[in-house]
Amino acid sequence: MTRLRMVARRRPAHASRPHQGENAIDRAGRAIVALQGLDRGPIDPLLGPATIQVTKIEGGAAANVLPAECLATIDSRTTPRVPGEEILRRIATIEEVEWEV
């Protein structure tokens with residue numbers, strides 16, 4: 001098992017002036033979609049496929065502010081055919097967010 005934290009950081013702004021900032025939740029959302037599309041490698045005959053799941057999301061401070069930060073917890077279950085190091089290598093190809101193990 002591997003547990004990661006994804007951190008998306010952007011520039012906050014008032015929601016009525018989105019052109020003055022960048023939304024961290026939007027950025028995190030794109031990274032989550034990319035995670036869902038990752039190749040999980042060969043399927044283990046006993047354990048099945050390796051898994052990568054978003055299990056928690058946090059972001060935003062107010063309803064009228066583009067958030068500066070969005071955090072997501074990622075739970076990954078590996079198999080002998082797809083070890084943790086390989087899953088981490090694949091996840092690291094998703095750019096524009098930070099990954100913490």
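1. Basis. The model is predicted, so local features need pLDDT of at least 70 and side-chain atom pairs count only at pLDDT 80 or more, while totals for chains, interfaces and linings use all residues. Residues are numbered from 1 along each chain as its sequence is written, and side-chain values use heavy atoms, with hydrogens and water left out.

2. Extent of α1. Helices (H or I, at least four residues) and strands (E, at least two) are DSSP runs numbered from the N terminus. Helix α1 spans residues 24–36, and its 13 residues reach 19 Å from the first C-alpha to the last, close to the 18 Å expected at 1.5 Å a residue, where the expected span is 1.5 Å times one less than the number of residues. At the N-terminal end, Asn23 caps α1 with a side-chain oxygen that lies 2.8 Å from the backbone nitrogen of Ile25.

3. Two faces of α1. Buried means under 20% relative accessible area, exposed over 50%, and partly exposed in between (1.4 Å probe, protein chains only). The buried residues of α1 are Ala24, Arg27, Ala28, Ala31, Ile32 and Leu35. They are on the same side of α1 because they cover an arc of only 140° around the axis, the arc being that of the directions from the helix axis to the C-beta atoms. On the face turned away from this buried side, α1 carries the exposed residues Val33 and Gln36.

4. Packing of α1. The buried residues of the helix pack against strands β1 (2–9), β3 (51–59), β5 (69–77) and β6 (98–100), and also against helix α2 (84–91), with contact taken as heavy atoms within 4.5 Å.

5. Asp75 counts as buried at 9% relative accessibility, whereas Arg3, at 44%, is partly exposed. Another joins Arg9 and Glu69 (3.1 Å, N to O); here Arg9 lies in β1 and Glu69 in β5, so parts 60 residues apart in sequence are tied together.

6. Arg27, which is buried with a relative accessible area of 15%, meets Glu22 in a salt bridge (3.7 Å, N to O), and Glu22 is partly exposed at 34%. Salt bridges link Arg10, Glu22, Arg27 and Glu96 in a network.

Notes:
Polar contact = N/O pair within 3.5 Å; in protein donor to acceptor, adjacent residues only side chain to side chain. Salt bridge = Lys/Arg side-chain N within 4 Å of Asp/Glu carboxyl O.
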